[in-house]
Amino acid sequence: MAAPDADSRHEVAGDRTPLLRIRGLGVRFQDFEAIRPLDLDVLNGEFLTVLGPSGSGKTTLLRTIAGFQQPTAGRIEFDGRDIADLPINRRPFNTVFQDYALFPHMTVRENVAFGLRVRGIARATRDARVEDALGIVELEDLGNRYPTQLSGGQQQRTALARAMICEPRLILLDEPLAALDATLRRQMQKFLKVVQRQSGITFVFVTHDQSEAITVSDRICVMRSGRIEQIGTPRDLYYRPRSRFVAAFFGASNILEPCRIESTGEAVTMVSTPFGTMSVDGPLPQVREGLALAVRPEALVPASGDACNRIGCEVVSVSFVGSETITELRHPQTRHVLTMKTRSNPSARHPAVGSHLEVGFDAAACALVTGAQE
Amino acid sequence: MMRNRFIDLPLAAVAVLVYVSLYLPILLVFLLSFFSMRRGKVNWDTFSLSWYAKLFENDALGGALWNSLLVGSLAVAAAATFATSAAILVRSRPDRHSARLLEYVIFLPFLLPPIITGLSLLIYFREAGVGRGIFTITVGHTLFVSAIIYRIVLTRLNALSRNLVEAAQDLGATRIQTFRFIILPNLRMPLLTGGLLAFALSFDETMITLFLSGTDATLPVRLYAMMRVGFTPTINALITLLLGFSILLTVAVALVWRRNADSARKSYREGRT
């Protein structure tokens, strides 16, 4: 059921091999299944985000990889080696915690040096490497401060430097930006991405914020109720969700349902919807029950001559919200309401409320989805 | 608030009365250690340190004081070790029944009437063939004061983020390194406060000690014994010395606390800017 998605893996794999290979991993607390047996490959050098609402099992998955949580089923391989029996302190990767977990009685420098200190690295080497790490996270001047003397972003960067000091090939990040305000969070997203690119360290990043996931990730793994719902690039998940849940998680969608497959061609599939027959290109879902067609509001445009999917609608309302203009449309036969989002244009005339408007969307800008939304 | 002299005046009078009745006896003891007293009046011409000199000649009292200090230090050291281990154990598995049981076992001697603790220990030591002395008193006091240190240490451990231990292990620290570098440094203040409190409790514990002391009496037991046969003004000198010692200790602790609070406040302010 939760087999890794062959398509999305193919897209990014190339010559990259999985650094972390998870097979049939399950975690059960008494009668609650936090993680239902799942497979996941984390590729060498990628920025993989595990995204899901609270209670979806994403943090449990991360804690299981780190070794804080014992799996009840399955295996975890790091670089081809089973690490199930490896104690936490001997796992070859490090964690950045949600509350940073900086040692309050140590300075920034001592915090960062900790990993080297417990490994018995000589002081001279240690100092040099700590300075390097502080340089990467731009904290050279604050090395002698205590964690309570730092701002949230500085604490976050200290935690990152501390996790990087032993040069792990993999770093696990558990919602590291959750405690920061919006502006700082955006800065840190960029910063994390840059550090990840330059260091080449594989990042597994847990978040519940879909826009954050889209911004930073090479690939996103969407989790829901302990299962992997879909894995793919941010673009994949946004434009080609395979379930109503994923479609809704990445923002509003027009859901055209019920929907039935009429014919499958080489590239294009014809589906019948209450709005007429539409063409979709892209992969077909395995499940054929309860199909719907999801179209992003910004994929809908006033139809020009060559749009292959067209719907005739009545304009219900037009609202100008700055950079965008949102038009609510009603399909006269079914009374379905559609939302269209277009870029505002100072010289464009808005369609009059009540007027007829032909809208269309591209076969590549929609996706067939299944499953329940919640 | 409206100030009303009809309320303020009686309140002030009550306050003065309370303070006088609290401190006058102490003041009296202090004065009597230097001066002699006739018919309820202090004779100011009789200043002398002779009671202090007598105190130091009196081997029984000096020995008892030494015993008290020795038992207190040993009991605090033993209780701190035991209570810290227990607190870490309970903290690492808070949902286990065994942890609950351990917590209960630690608190029981503190909650039981001392007479029961003392008597049971006495019977136990007699049956086990252990002679009464410093060792038996220390065991009794350790049992009694462990609960205090345990509570203070556990409170601090609970305030520490559980992630700290995980972070240390994640960075490669063994259990022993985690304890040494992460847990212990954060327990300095609670161990100091808990230790002082436990020492004070041990110092004036009488009931359990009464059952467990053989010839090596501690100070309260010795004083109690002396009261029965008669009163000597050396006791005034002794109490004055103890009073001075406690005041010094209290001030020292207060200073350490204030320095800690100051640096915390300072770092908070600097963190803001």
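Q: At roughly what angle do the axes of helix 6 and helix 9 of chain B cross?
A: This is a predicted model, in which local features need pLDDT of at least 70, side-chain atom pairs count only at pLDDT 80 or more, and totals for chains, interfaces and linings use all residues. Residues are numbered from 1 along each chain as its sequence is written. Helix 6 spans residues 134–159 and helix 9 spans residues 188–203, and their axes come within 9 Å. Axes are lines fitted to C-alpha atoms over the stretch in contact, with angles from 0 to 180 degrees between N-to-C directions; here the crossing is roughly 155 degrees.

Q: How are helix 6 and helix 9 of chain B oriented to each other, roughly parallel or roughly antiparallel?
A: Angles under 35 degrees count as roughly parallel and those over 145 as roughly antiparallel. The crossing is right-handed. The two helices are therefore roughly antiparallel.

Q: Which residues of helix 9 of chain B meet helix 6 of chain B?
A: Contact means heavy atoms within 4.5 Å. From helix 6 come B:His141, B:Phe144, B:Val145, B:Ile148, B:Ile149, B:Ile152, B:Val153 and B:Arg156.

Q: About how much area do chain A and chain B bury between them?
A: The contact takes 27 residues from chain A and 21 from chain B. Buried area is the accessible area (1.4 Å probe) lost on being put together, summed over both parts. Carbon and sulfur atoms carry 57% of the total, which is about 2,100 Å².

Q: Which side chain of chain A meets B:Glu166 in a salt bridge?
A: A salt bridge puts a side-chain nitrogen of Lys or Arg within 4 Å of a carboxyl oxygen of Asp or Glu. The count between the chains is 1. At 2.7 Å, N to O, the partner of B:Glu166 is A:Arg63.

Technical notes
Chains lettered and ligands numbered in written order. Heavy atoms only, no water. Helix = DSSP H or I, 4+ residues; strand = E, 2+ residues; numbered from the N terminus. Parallel < 35°, antiparallel > 145°, perpendicular 65-115°, else oblique. Left-handed = near helix turned anticlockwise from the far one by under 90°. Buried area = accessible area lost by both parts, 1.4 Å probe.
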